[in-house]
Protein chains: 2
Amino acid sequence: MSDATTTRQSYQSINFADKLARFTDHWQPRVIAEMNDYQFKVVRIEGDFLWHEHADTDETFIVLEGELRIDMRDGFVLVSAGEMFVVPKGVEHKPYAEREVKMMLIEPRGVINTGGETNERTSVNDMWI
Amino acid sequence: MSDATTTRQSYQSINFADKLARFTDHWQPRVIAEMNDYQFKVVRIEGDFLWHEHADTDETFIVLEGELRIDMRDGFVLVSAGEMFVVPKGVEHKPYAEREVKMMLIEPRGVINTGGETNERTSVNDMWI
């Protein structure tokens, strides 16, 4: 039997906490959604990252839990849960979390987490969860 | 006296609740940030919107408070606080909130909220808060 009710498709929202609960490592962003050629990634961070910049794109940080500090060469910003910050392209920055921070990044597909350099902190790209 | 400490710039994060507290009307998105040619908008909605589609872009919904329902022609999705959903380009959809929902939209700059049609629900574009 087929009618309008039984054939209705059920779509699934994307739950940030559910996605974050599936891993515990730090500095390894997981892709959870795409919009056009942009990717949404969740990541856990703790401690200090490396100075880097993205020459061709802005980078968006949305904090879900904890307090993120982003150092720039001429100052810094604190970003708490329920807040966001956009680092303009070409601006050197260094994320830092005294205690663990859970956050979402928005970047064009293909962006490398360490910017113009590849090093021991460069993570696997395009890792979905 | 000028030294490194006094000349350090202080950057400001963007707080979603603060921005939403500055207005009470419904279906009137306010821009709070830009990333490349994309805009982040916060909006309060309540009740039913109109069917529409965006021919040239996906549209991202991130719910901050309440439960959003997005109807599509072949089904629907429920999106709660802490969740997101991306409506693919060209897909007809109709947001609905039984009780007030506070959410963030991400769209390319210049996108019209009612999609291909302009009507009484079309909001002012590029309104910053």
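The following legends describe close-up views of a predicted two-chain model.

Conventions. Residues are numbered from 1 along each chain as its sequence is written, and chains are lettered from A, with ligands numbered from 1, in the order in which they are written. In this predicted model, local features need pLDDT of at least 70 and side-chain atom pairs count only at pLDDT 80 or more, whereas totals for chains, interfaces and linings use all residues.

**View 1. Chain A as a whole.** Chain A contains one helix and nine strands, where helices (H or I, at least four residues) and strands (E, at least two) are DSSP runs numbered from the N terminus. Along the sequence these elements follow the pattern β-β-α-β-β-β-β-β-β-β. The C-alpha trace of chain A spans about 65 × 30 × 25 Å along its principal axes. Of the 129 residues in chain A, 32% are buried; a residue is buried if 20 or more other C-beta atoms lie within 10 Å of its own, exposed if 12 or fewer, and partly exposed in between, with C-beta atoms placed from the backbone. Among contacts in chain A between residues at least 6 apart in sequence, 64% join residues at least 24 apart; two residues are in contact if their C-beta atoms, placed from the backbone, lie within 7 Å. Chain A averages a pLDDT of 92, and 93% of the residues score at least 70; pLDDT is the predictor's confidence in each residue, from 0 to 100. Where pLDDT is low, the predicted coordinates should not be read in detail.

**View 2. Strand 5 of chain A and its two partners.** Strand 5 (residues 59-65) of chain A is largely enclosed by the rest of the structure, because five of its seven residues are buried. Strand 5 of chain A runs antiparallel to strand 8 (residues 83-87) of chain A, and five bridges join them; two strands pair if DSSP finds at least two bridges between them. Within this pairing, A:Phe61 has A:Phe85 as its bridge partner. Strand 5 of chain A also pairs in the antiparallel sense with strand 9 (residues 93-108) of chain A, over five bridges. There, A:Thr60 stands opposite A:Ile106.

**View 3. Surroundings of A:Phe61 in the nonpolar core.** The largest nonpolar core has 49 residues, and those with the most contacts inside it are A:Phe61 and B:Phe61. Such a core is a set of buried Ala, Val, Leu, Ile, Met, Phe, Trp, Tyr and Cys residues joined through C-beta atoms within 7 Å. Not counting residues up to four places away in sequence, A:Phe61 touches A:Leu68, A:Ile70, A:Val79, A:Met84, A:Phe85, A:Met103 and A:Leu105.

**View 4. The hairpin of strands 3 and 4 of chain A.** Strand 3 (residues 30-35) and strand 4 (residues 38-48) of chain A pair in the antiparallel sense over five bridges. A:Glu34 stands opposite A:Gln39 in strand 4 of chain A. Two residues lie between the strands of this hairpin, in which A:Asn36 takes a positive phi near 55 degrees.

View 5. A:Trp27 lies in the loop between helix 1 (16-20) and strand 3 of chain A. Although not a glycine, A:Trp27 has a positive phi of about 65 degrees. A:Trp27 counts as partly exposed, with 18 C-beta neighbours inside 10 Å. A:Asp126, in the segment after strand 9 of chain A, is likewise not a glycine and has a positive phi of about 60 degrees. A:Asp126 is exposed, with 11 other C-beta atoms within 10 Å.

**View 6. The interface between chains A and B.** In total, 28 residues of chain B are in contact with 28 residues of chain A. The largest share of the side of chain B that touches chain A, five residues, comes from strand 7 of chain B. Strand 2 (residues 14-15) of chain A and strand 8 of chain B pair in the antiparallel sense over two bridges, and A:Ile14 has B:Met84 as its bridge partner. A:Asn15, in strand 2 of chain A, touches B:Gly82 and B:Glu83, not counting residues up to four places away in sequence. A:Asn15 is partly exposed, with 16 other C-beta atoms within 10 Å. The predictor gives the complex an ipTM of 0.92 and a pTM of 0.92.
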